[in-house]
Structure formats: structure tokens, C-alpha cells
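Look at the two chains below. Then read on for a short tour.

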Protein chains: 2
Amino acid sequence: MAGTLPRSPLAPARFPELPVISGVRFASTAAGVRYAGRDDVMLALLAPGSTVAGVFTRSATRSAPVLDCQEKLRHTGGADAAGAAILVNSGNSNAFTGARGEQSVQAICAATALATGLPVERIFTASTGVIGERLPHDRIIAVIDDLAASLDEGAIEPAARAIMTTDTFAKGASCTVEIDGRTVSIAGIAKGSGMIAPDMATMLVYIFTDARVEQKRLQALLSELNERTFNCITVDSDTSTSDSLMLCATGAAGVDAGESESFAEALHAVMLDLAHQVVRDGEGASKFVEIRVSGAQSDAEARVHGRSIANSPLVKTAIAGEDPNWGRIVMAVGKSGAAADRDRLGIRFGDIPVAENGWVSPGYREETAAEYMKNQELVISVDLGIGDGQAVIWTCDLTHGYIDINADYRS
Amino acid sequence: MAGTLPRSPLAPARFPELPVISGVRFASTAAGVRYAGRDDVMLALLAPGSTVAGVFTRSATRSAPVLDCQEKLRHTGGADAAGAAILVNSGNSNAFTGARGEQSVQAICAATALATGLPVERIFTASTGVIGERLPHDRIIAVIDDLAASLDEGAIEPAARAIMTTDTFAKGASCTVEIDGRTVSIAGIAKGSGMIAPDMATMLVYIFTDARVEQKRLQALLSELNERTFNCITVDSDTSTSDSLMLCATGAAGVDAGESESFAEALHAVMLDLAHQVVRDGEGASKFVEIRVSGAQSDAEARVHGRSIANSPLVKTAIAGEDPNWGRIVMAVGKSGAAADRDRLGIRFGDIPVAENGWVSPGYREETAAEYMKNQELVISVDLGIGDGQAVIWTCDLTHGYIDINADYRS
């Protein structure tokens with residue numbers, strides 16, 4: 001399926017120039033897991049001293065690789081000295097594959113440990129694609145030596161391509177920041193376009209930096225920023241069994257960024273950029289929508305309202321039809337379960353006041369709102385008027401393209 | 001829009017023969033609220049002594065008529081003696097219309113009270129259609145005298161048609177039951193096809209019986225049965241601002257059915273039939289799907305799993321594509337938030353074992369499952385294997401038809 005879909009109209013013009021992150025090298029190849037004629041396995045090798053943090057799906061049916069990564073990150077004490085490796089395949093998610101799924105992960109980790117000289121506890125894997133089919137791990141193991149032999153600092157873009165499934169473009173983002181007179185770089189890649197409603201992290205995302213950040217701090221930073229980036233996007237309200245977000249700090253830049261505000265800001269920018277790119281590649285998406293919620297009883301309640309709006313099929317189809325059907329926003333706020341007062345609710349499309357004080361805004365003209373809805377990027381603001389809670393959620397519309405892709409898509 | 005859509009392929013062959021319910025008369029007419037060339041207002045008049053119960057949406061942005069009905073049902077002591085009237089319009093939901101919405105309800109209730117000789121406290125109204133536009137109540141008031149003058153015991157079918165919006169067929173169901181040697185009849189009508197994920201009741205549903213049932217008992221019966229019927233259906237996970245379910249007992253059959261098991265069973269059958277008809281008219285629906293959940297930690301958790309499966313866009317599009325993509329069921333169970341153990345989960349499509357013990361069932365053949373998915377009516381069974389909780393949820397698939405209807409539908 002991958003590769004046959006037209007490129008999303010919301011895609012960036014091209015894959016960005018990403019800085020080399022000293023201390024991490026990449027390799028990709030075609031193992032024929034499911035797809036023909038394209039790379040479907042990637043290996044990233046991290047130099048000794050690198051710290052690794054991860055956030056994963058909370059799905060009760062999470063995949064074997066996710067369970068394995070979580071277990072390994074639980075006991076990272078002193079493991080940094082060895083370095084680490086990340087091995088990812090697309091085409092098969094190795095989810096709901098029972099004991100055989102765990103055997104596949106063990107076999108892949110053992111082979112990767114052998115090829116890289118790393119302890120097996122430092123091999124992290126991920127698999128993305130069809131659920132419930134046995135992973136043909138022999139095909140992956142057959143290419144690991146080749147991957148280990150062809151590692152290259154500059155090969156992050158092919159790695160981003162190798163992890164794609166229904167993605168219509170490869171996703172990358174980067175940022176550089178000065179700390180103590182030294183330049184620190186952050187570069188990340190992501191895949192994802194359907195089954196996107198992260199409950200903890202989303203899809204597959206790998207971010208690398210040459211800063212030095214102690215592991216506990218790295219994990220805290222990642223978890224905190226995840227709440228404001230990947231956990232604020234939704235394409236279709238469906239949460240993947242494989243969501244994995246990992247952040248690796250090689251320390252090669254020779255500067256500790258653990259307490260640096262500007263490092264945290266740069267990392268936030270990279271994560272948000274990648275999260276937005278996932279939405280921009282939402283299956284069938286034709287509009288990129290930012291939903292700003294304010295005046296809710298708490299930030300958590302603002303997020304509940306924002307998700308209710310962003311996941312509503314009726315809101316999403318109205319946006320697809322360029323219809324300023326703001327009554328559906330009212331409906332979505334009403335059903336969310338979070339507190340709302342009908343007569344304090346205010347709604348804006350872009351800068352256009354649409355509703356206030358429990359009714360349509362004075363001077364609202366449907367033609368003006370309809371004109372605004374023709375934009376490819378939309379901002380919908382909802383003010384609950386009952387507190388200080390706020391949230392921003394990003395989503396896309398629901399179009400015929402989503403049905404086309406999903407009514408007969410496998411992996 | 002209504003009337004221009006093709007009849008749902010899941011529709012029953014014809015509107016059923018409904019028995020006359022002694023003590024209630026109907027009238028419908030065209031008031032031009034929004035639609036041209038069709039009836040859009042209906043009046044039902046209940047004889048003195050009738051009891052009335054109601055269940056309504058829990059939406060925080062519920063409509064002015066819903067708020068008014070709830071207020072009136074809160075204080076029904078002794079009001080039965082007067083009889084009651086129900087007045088419903090389609091085309092405009094009078095939701096999110098602020099103080100003007102309440103004024104419209106008051107004006108309509110006052111005019112209906114005048115035309116019927118009933119106290120205003122016994123006039124119940126409902127409005128369904130576009131949200132956020134002022135209800136042109138003058139057009140409705142202008143036809144009330146005509147409605148009151150043309151009431152007819154046998155006119156329930158045109159009443160069912162007058163309350164339709166995007167419905168592609170009128171919905172009716174009935175049952176008769178013998179109690180103490182007398183025949184008691186129940187007949188009901190419903191509208192609904194989108195914005196269907198009842199949180200309390202669904203859409204507009206009016207059920208009438210000639211049994212005598214004391215008001216508190218009538219309300220208890222309705223609320224209890226609602227949990228197993230309308231609260232177990234979902235078309236698109238969106239909850240309406242106007243959901244109203246009312247049950248009226250005229251007592252004309254001269255028998256008290258309040259404690260009758262067979263009456264409760266008959267009422268359950270009528271409610272379930274109407275609930276299923278709403279799903280069968282789900283916007284764009286091509287398949288009717290029953291999702292049976294068992295082995296959950298509790299009935300409530302079983303329902304959470306069932307709704308998670310039924311509302312998943314990826315499950316619904318796979319069904320539309322006749323793809324036995326059971327991995328998406330695993331995903332929906334995993335994301336639901338209710339307890340699940342990957343390795344105890346079992347899934348069946350009809351009688352076909354699909355997954356068990358955390359993996360695909362031995363002997364599962366995709367061709368057999370694919371053949372089953374071609375049926376217009378599907379049963380998907382999920383056993384959690386961790387408790388005794390069970391639930392049944394009914395839903396439909398997600399097709400291009402849903403996008404067609406909702407990307408440019410207004411009311």
C-alpha cells in the first residue's frame with residue numbers, strides 16, 4: 001500500500017536538511033517483511049555514553065516490541081556506558097502475536113547484539129504495520145549484518161523512509177541551540193498517519209541529540225513535552241498498539257543540556273514539528289486544524305473538550321465540506337463530559353466571532369465564515385468562560401480519502 | 001436534504017402496521033420550518049389520565065425543548081388528570097439559541113395549550129435539525145389550530161414521517177400482550193440516523209401504550225430499558241443536543257401493567273426494534289453490526305469495550321471494505337481504557353473463531369472470514385476472559401455515504 005497513495009496536500013515541500021548528530025549512525029535496507037521494492041528495516045546505533053528515554057502507548061494490547069522496550073528502560077542503571085541500538089521494521093507490527101511475538105523480539109535483539117557488540121539489554125526494537133500476523137523475523141535477521149556494516153552518520157533520511165507504512169511523506173525535523181558557547185543539535189524522524197490518537201506517545205518517533213543529558217532528566221523532559229505535543233494530536237481517535245517515542249542523547253557535543261531552558265524549548269519545537277507532520281499526513285487529510293480551548297475548568301478539562309471536537313466525525317466532515325457548521329462544535333462540547341455552560345460558550349473561526357453568550361454572535365455572517373473555511377489551515381477557538389484551563393489540539397478533517405485508505409488497507 | 005437520499009439498504013421492506021393506541025391521536029402538517037414540500041410538524045394528543053415518562057440527552061449543550069421537558073417531568077404530581085400533548089418539529093433543533101430558544105418553546109407551548117385546552121405544564125415539545133439557528137416558531141404556531149382540528153387515532157405513520165431529518169425511512173414498531181385477559185398494545189415511532197451515540201436516550205422516540213402505568217413506575221421502566229436498548233447503539237460516536245425518548249401510557253385498555261413482566265418484555269422488544277431501525281438508517285450505513293462482549297470485569301466495562309469497537313473509525317471502515325481485519329478489534333479493545341488481558345482475549349466473526357489465547361486461532365482461514373464479512377448483518381463476539389461482565393452494542397459501518405451526507409449537510 002505504502003508508496004501508492006498520492007502525497008498529502010498538507011505535506012511540506014520536501015524532507016528538511018537535518019544536521020548530523022555526532023554519536024549516532026543510521027542504516028536502512030529492504031528485508032521484504034511485507035512490502036516489495038522499498039526499504040523496510042532501519043538500524044540506528046548510538047555511541048557509548050548515550051542516554052535513552054522512551055514513552056509508549058498505554059494500550060492494553062500493546063505490541064511485543066513495546067513491552068520489551070518498556071522492560072529494558074525500567075532498568076537502565078549504568079547501562080549508558082555501552083551505547084545502544086534501535087532496530088525498526090515496517091509492514092508488520094508484531095502485535096497480538098502471543099508468545100511467538102516475544103520470541104521474534106528476542107531473536108532480533110540477539111542478532112542485533114551480536115552484529116553490534118552491544119549487550120542485548122541495550123537493543124530497542126519497534127515494529128509497525130498489520131496487527132496479528134506472525135512477524136517473519138528471519139528476514140530481518142538476515143539483513144542485520146549488512147545494516148551494521150553500512151552505518152552512516154548522514155543516513156537519517158532513508159531511515160525515516162524505511163519506517164513508513166501508509167505515510168505519504170517522510171517526516172523529519174531539527175533544531176540547533178547554543179549552550180555554554182557550544183552548538184547542540186537535535187534531529188528527529190517520525191512515521192504515522194492513521195490509528196493516531198496517542199494516549200501516551202504516538203506512532204514511531206525517534207529523536208537524537210548530541211547534548212549530554214542524564215537519563216532520569218532525559219526521561220522527565222520527554223514525558224513532560226510529550227504531553228504538549230504528541231499527546232495533543234489526533235487523526236481518527238484510534239490508538240495504536242505500537243506507539244513509541246524515543247529520545248537519545250549521545251553527549252558528543254560535550255555539553256550538559258539537562259538544565260538548559262533553551263534546550264528544552266528546542267526539543268519542544270522539534271517534537272511539535274514532528275507531531276504536526278503526523279497530522280499533516282493524516283489519512284485522507286485535506287485540512288490542518290488547530291483547536292484552541294480556553295476558559296475551561298482545568299487544563300485537563302480543556303483537553304477533553306478539544307479532543308471531543310477534534311474526534312467528532314460530524315465536525316471533521318463539516319470541515320472537509322468547508323461548511324462553517326458551528327452547531328457541531330456546540331454538540332461536541334456538550335457531549336464531552338467536561339464542564340460547560342451553554343450560555344458562556346464562545347466560538348471563533350480564525351478571527352471571526354461565531355458564537356457567544358449562548359447564541360450566534362451579533363454581526364456573524366455565514367458567507368464570511370464559509371470563505372474562511374476554504375483555507376487549508378484553520379484555527380477554531382472555543383472559550384468555555386468558566387475557568388482558566390486551556391489546551392491546544394491539532395487534527396485534520398475526515399474525507400473520502402480516509403475511507404478509501406482504510407476500507408481495504410492491510411498494513 | 002431529507003427525501004433526497006436513497007433509502008438505506010438496511011431498511012425494512014415497509015413501515016409496519018401499527019395498532020391503534022386508544023387514548024392518543026396524531027396530526028401532522030407542513031409548516032415550512034426549513035424543508036419544502038413535506039410535513040415537518042406533528043402533534044400527539046393524550047387523553048386525560050395518561051402518564052408520561054421521559055429520558056433525555058445528558059449533553060451540556062442540550063436544546064431548549066429538552067430543558068423544558070425535563071423541568072416539566074420533574075413536577076408531574078397529579079398532572080395526569082389533564083392529559084398531555086407532544087408537539088415536534090423537524091428542520092431546526094432550537095439548540096444553542098439562548099434566551100430566544102426558550103421564548104420559542106414558551107410561545108409554542110402557549111399556543112398548543114390554547115388549541116388543546118391543556119395546561120401549559122402538560123405540553124411537551126421537541127425540535128430536531130440544524131443547531132444554532134433561530135427557530136421560526138411563528139410558522140409552527142400558525143399551523144397548531146389546524147393540527148388540533150385534524151387529530152386522528154390512525155395517523156401515527158405520517159407523524160413518524162414528519163419528524164424525519166436525514167432519515168431515509170420512517171421508523172415504527174409495535175407489540176401487543178395479554179394481561180389479565182385483556183389486550184394491551186404498545187406502538188412507537190423514532191427518528192435518527194446521524195449524531196447517534198446516545199448518552200442517556202437517543203434522538204426522538206415516542207412510544208405509546210393503552211396500558212395503565214403509574215408515572216413513577218413508567219419512568220423507572222423506561223430508564224431501565226433505555227440502558228439496554230437506545231443506550232447500546234452508536235452510529236458515529238456523536239451525541240445529539242436533542243435526544244428525547246418519551247413513553248406515554250393512556251390507560252384506555254383498562255388494565256394496570258405496571259408490575260407485568262410480559263408488558264416490560266413487550267416494551268423492551270418495541271424499544272430494541274426502534275433502536276435497531278435507527279442503526280439501520282445510520283448515515284451511509286451498508287452493514288448492520290452486533291458486537292457481543294463477554295468475559296469483561298463488569299457489565300459497565302463490557303460496554304466500554306463494545307463502544308470502543310463500535311466507534312472505531314478503523315473497525316468501521318474495515319467492515320465497510322468487507323475486510324476481516326481483526327487486528328483492529330484488538331486495537332480497539334486495547335485503547336478502550338477498560339481492563340483486558342492480551343493473552344486471554346478471544347474474537348469470533350459469526351461462528352468463526354478468529355483469535356484466542358493472545359493470537360490467531362488455530363485453523364483460522366482468512367478466506368472463510370472474508371466470505372463471512374460479505375453478509376449485510378454481522379455478529380462480532382469478543383470474550384475478555386477475565387470476568388462475567390457482558391454487553392451488546394449495535395452499530396453500522398463507516399462508508400463514503402457518511403462523508404457525502406455530512407460534508408455538506410445542514411439540518
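## The model

This is a predicted model: local features need pLDDT of at least 70, side-chain atom pairs count only at pLDDT 80 or more, and totals for chains, interfaces and linings use all residues. Residues are numbered from 1 along each chain as its sequence is written, chains are lettered from A in the order in which they are written, and side-chain values use heavy atoms, without hydrogens or water.

## Where the chains meet

Chain B gives 56 residues to the contact, and chain A gives 56 residues. Contact means heavy atoms within 4.5 Å. About 5000 Å² is buried between the chains, and carbon and sulfur atoms give 59% of that area. Buried area is the accessible area (1.4 Å probe) that two parts lose on being put together, summed over both.

The interface holds two salt bridges. A salt bridge needs a side-chain nitrogen of Lys or Arg within 4 Å of a carboxyl oxygen of Asp or Glu. R342(B) and E102(A) meet in a salt bridge at 2.8 Å, N to O.

## Helix α8(B)

Among the elements of chain B that give two or more residues to the side touching chain A is α8 (313-320). Helices here are DSSP runs (H or I, at least four residues). Seven of the eight residues of α8(B) are buried, including L314(B), K316(B) and I319(B). Buried means under 20% relative accessible area (1.4 Å probe, protein chains only).

## The core

The largest nonpolar core has 164 residues. Such a core joins buried Ala, Val, Leu, Ile, Met, Phe, Trp, Tyr and Cys residues through side-chain atoms within 4.5 Å. I207(B) is one of the residues with the most contacts inside it. Among the residues that I207(B) touches are L245(B), L267(B) and M271(B).

Definitions and conventions: Buried < 20%, exposed > 50% of the residue type's maximum accessible area, 1.4 Å probe, protein only. Lists of a residue's contacts leave out its neighbours within four places in sequence.
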